[in-house]
Amino acid sequence: MAKESDTEELARRAAAGDSLALDALLAAIGPRVLEQCGRFLPCRQDAEEAAQDALLQVARHIQRFEGRSLFSTWLHTVVANCARQTYRSLRRRAAERPSTLLPVEVADPRTTSVIAGSRLDLLDALDRLEAHRPELATALVLRDLCQLDYQEIAGQLGIPIGTLKSRIHHARRYVREALGGS
């Protein structure tokens, strides 16, 4: 994978309209995007679908990257949004699927990953949080799932660090309660 400084330079050039730089950028970030999507989605095929969507979004909207923050921070936001949108789409498709066509299979707890189930519960909780307080959900996703530092997130969101920490605190409390914790 390309060094971070190389990726940042490719992103600046691609945002300025350099199509060769865009091709090189997409090739360089592809594995990292897939890995990040895998943090959200437990099934590899779903993560691959989200990664393809994220790369497509980068290609379509690279000119929106203004360089005010690191490209990696901008990319985390794109990836998080695509992964969460893929999850919503999968959930919607499953709900729309007629139950007469496919028998409903109850998951066997001996073979179902606790981690995978926990991730899906977390995505559901994040969806509920986003419906009520989107600014809290964004801060939490960037900090806890994308693992960005406070300074990067505050810069990306254009808010003071104290405000960011408060949003993350409230978001964690909401998610903890939604997941049945105390």
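**Conventions.** This is a predicted model, in which local features need pLDDT of at least 70, side-chain atom pairs count only at pLDDT 80 or more, and totals for chains, interfaces and linings use all residues. Residues are numbered from 1 along each chain as its sequence is written, and side-chain values use heavy atoms, with hydrogens and water left out.

**Whole chain.** Begin with a cartoon view: the chain has eight helices and zero strands, in the order α-α-α-α-α-α-α-α along the sequence. Helices (H or I, at least four residues) and strands (E, at least two) are DSSP runs numbered from the N terminus. Of the contacts (heavy atoms within 4.5 Å) with a separation of 6 or more, 67% join residues 24 or more positions apart. Switch to a surface view: the accessible area is about 10500 Å², and carbon and sulfur atoms hold 53% of it. Such areas come from the Shrake-Rupley method with a 1.4 Å probe, and for residues only the protein chains shown count as cover.

**Confidence.** Colour by pLDDT, the predictor's confidence in each residue, from 0 to 100. The chain has a mean of 83, with 85% of its residues at 70 or more. Next select residues 100-116, where the pLDDT is below 50 and where the model has three contacts beyond near neighbours in sequence.

Of the 182 residues, 36% are buried; buried means under 20% relative accessible area, exposed over 50%, and partly exposed in between (1.4 Å probe, protein chains only). A nonpolar core is a set of buried Ala, Val, Leu, Ile, Met, Phe, Trp, Tyr and Cys residues joined through side-chain atoms within 4.5 Å. Select Leu25, Val33, Phe40, Val58, Ile62 and Phe71, which have the most contacts inside the largest such core, a set of 48 residues. Elements giving two or more residues to this core include helix H1 (4-15), helix H2 (19-40) and helix H8 (161-178). H4 supplies the largest share, nine residues. Now centre on Leu25: leaving aside residues up to four places away in sequence, its contacts are Thr7, Leu10, Ala11, Ala14, Val58, Ile62 and Phe71.

**Aromatic rings.** Rings of Phe, Tyr and Trp (its six-membered ring) pair if their centres lie within 6.5 Å; planes under 30 degrees apart count as stacked, over 60 as edge-to-face and the rest as tilted. This rule gives three aromatic pairs. In one, Phe65 and Phe71 have ring centres 5.5 Å apart and planes at 85 degrees, so they are edge-to-face. In another, Phe71 and Trp74 have centres 5.7 Å apart and planes at 35 degrees, so this pair is tilted. Phe71 and Trp74 are three residues apart in helix H4, about one helical turn, and both are buried. Phe65 is buried as well, and Phe65, Phe71 and Trp74 form one aromatic cluster.

**Charges over Tyr150.** Which residue has its charged end over the ring of Tyr150, 5.1 Å from its centre? Select Lys165 to see this charge. Arg143 also lies over the face of Tyr150, at 4.1 Å from the ring centre. The rule requires NZ of Lys or CZ of Arg within 6 Å of the ring centre and within 35 degrees of the ring normal.

**Ala51.** Finish in helix H3 at Ala51, which is buried with a relative accessible area of 5%. Beyond residues up to four places away in sequence, Ala51 touches Val33, Leu34 and Cys37. Its C-alpha atom is 8.8 Å from that of Gly38, 13 residues away along the chain.
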